[in-house]
Amino acid sequence: MHLYVYFQFITLITGNTYEHSHLAPRSLKEIMSRFQVEELHLTLTEGQWRHKQWGYPVMDAAPGAELYAWFSPTVTDVNDNWKKLSATLSGLFCASLNFIDAHNTISPKMALTPLGAMNIGLNYTSQFARYASLPREIVCTENLTPWKKLLPCESSHGFASLLNSRLIHNTNYHSIGVHIRKVCSNNECTNYNFEVKQTVALVYDFKIINSMNWSFKLLFGQGLFGGCPLSSSSKIYIDVTSNDTLPFKLSPKPISIIQSQRGGSDTLLAVYVIKADSPMINIGAKHSIDNKFSVTIPPPLHFNRYVLGYGKEFGGIVTEITNNYWAPIDIVLLENAPWWLPIQLSTLRINGEAESSLILKQYYSPGRSRQRPYHLELLMRLPPKSTTTVTIDFEFVFLKWQEYPPDANHGFYIGSALISAKLPTAKNYTSIPIDGTTLESVINASKPWYPAVFRTNGAMVSLPTPDFSMPYNVICLACTVVALAFGPLHNICTKELVLKPSGTSLSLRQRIINLFKKKKD
């Protein structure tokens with residue numbers, strides 16, 4: 001059992017100029033304007049979201065750092081703007097985004113689509129999109145602090161005051177994100193505004209909390225002292241659907257309970273309205289029967305990813321995708337392999353077969369050593385009530401000794417694969433509609449299908465690694481030999497040899513006297 005906590009802060013940027021800013025951070029406005037970015041998504045995540053056990057998050061994120069953006073079609077050099085964008089965001093969020101360059105960047109063809117409004121008359125093709133990830137990036141306090149400073153009230157007031165880095169970084173999963181897109185400001189969509197969405201996702205384990213009962217003070221170390229004075233609306237939604245099977249009592253009582261019917265899923269939401277002058281509130285839940293766990297029902301689509309092979313020559317990446325729904329589901333699988341892990345398209349197998357009717361369309365871009373990664377996208381139709389296995393082999397390559405990370409024997413991380421799907425049902429689905437902004441827009445938001453982009457679990461491989469202890473041993477041996485040879489040579493060259501005259505021999509009487517003196521002593 002787990003507890004999922006999701007924060008979302010929305011700020012609208014009105015106007016096309018960035019010289020004057022009121023609530024929105026000027027730094028982000030200037031970045032979007034200077035580099036001609038139409039849409040931007042950045043996440044910094046520690047941990048792996050378990051889709052089969054936890055369901056679907058509001059916004060999925062890959063482990064480590066993930067950045068993707070769409071540029072304006074009027075940009076002449078997209079790669080140059082992309083490099084400058086990643087370097088600027090690296091300094092803004094104190095992350096290692098400056099390591100993003102051509103050797104780990106791809107242009108998705110089918111897996112990713114813009115979520116915001118686009119200018120009419122411009123051709124937004126995939127050549128203006130860029131995607132990159134750094135699976136080894138570590139998320140810590142130095143990333144959370146600049147993220148808080150982008151909020152209108154920063155961390156002094158409102159919900160952001162609950163984000164104590166000492167507590168949220170001890171969770172099983174934590175992710176912070178910044179998502180910027182265009183939204184229409186009128187019905188005709190002739191004018192638009194920039195929407196800045198800052199998100200925080202946390203997953204608490206009841207085994208670590210040692211109880212199924214929770215409260216703000218237990219999770220965040222303090223209560224909530226009112227909302228942000230600059231916000232137009234501050235609300236808290238708590239899913240109380242499981243109150244029938246696992247009875248619990250909320251304290252204090254919510255203002256209202258809303259029933260939401262969305263895509264065959266019935267959800268009960270308890271609503272709290274937080275005002276700027278509200279007294280300190282400590283919302284908590286107390287179960288009538290503690291340490292009682294329910295059986296989790298897997299979502300209609302879940303997946304698993306792992307590495308095959310042994311030795312240091314060949315291996316393989318396996319992605320298992322399970323469709324629990326009674327109808328087929330179309331998905332797009334995107335594999336982004338680094339240049340030092342060349343994947344071979346000829347070894348692609350679907351359920352063990354080289355040719356499969358499940359693949360409707362495919363795109364493959366071979367990588368180039370130290371220049372660009374390997375890019376594979378598959379449009380597939382998953383049969384109902386089945387598990388589809390996608391396997392592709394790769395080779396190990398030898399790196400230069402300067403290209404190994406500090407802890408080379410730890411292994412090399414492979415970024416998550418992307419799975420884009422149109423779900424026919426909204427069970428375990430909590431994402432906000434594309435035309436929505438706040439969490440209130442998910443209430444009774446039934447659609448013909450529900451778009452989702454998932455990230456699989458990452459993987460790790462061990463490349464052929466030289467024995468880096470040998471240079472240390474050679475240095476120690478060479479220094480020892482030099483020291484042993486240098487000492488005598490230095491003494492011979494710097495010291496002067498002087499003959500010392502030998503003393504006169506003692507008489508027999510003097511020898512006897514000296515002998516008795518030694519015995520007496």
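In this predicted model, strand β10 and strand β13 (residues 284-287) run antiparallel and are joined by 4 bridges. Within that pairing, K249 stands opposite K286 of β13. Both strands belong to an open sheet of 3 strands, whose order is β8-β13-β10 and whose pairing is antiparallel. The edges of this sheet are formed by β8 (214-215) and β10 (248-251), each of which pairs on one side only.

| Strand | Residues |
|---|---|
| β8, edge strand | 214-215 |
| β10, edge strand | 248-251 |
| β13, joined to β10 | 284-287 |

Turning to the cysteines, the structure holds 1 disulfide, and this disulfide joins C153 to C228 with an S to S distance of 1.8 Å. Because the torsion about the S-S bond of C153 and C228 is about 70 degrees, the disulfide is right-handed. C153 lies in the loop between α4 (141-148) and α5 (165-168), while C228 lies in the loop between α7 (216-220) and β9 (235-239), so the pair ties together parts that are 75 residues apart in sequence. Both C153 and C228 are buried.

C479, by contrast, is in no disulfide, and the nearest cysteine sulfur, which belongs to C476, is 6.8 Å away. Is C493 buried or exposed? C493 has a relative accessibility of 64%, and therefore counts as exposed, since the cut-off for that class is over 50%.

How values were computed: Residues numbered from 1 in each chain as written. Predicted model: local features only at pLDDT ≥ 70, side-chain atom pairs only at ≥ 80, totals over all residues. Heavy atoms only, no water. Disulfide = S-S within 2.5 Å. Helix = DSSP H or I, 4+ residues; strand = E, 2+ residues; numbered from the N terminus. Buried < 20%, exposed > 50% of the residue type's maximum accessible area, 1.4 Å probe, protein only. Pairing = 2+ DSSP bridges.
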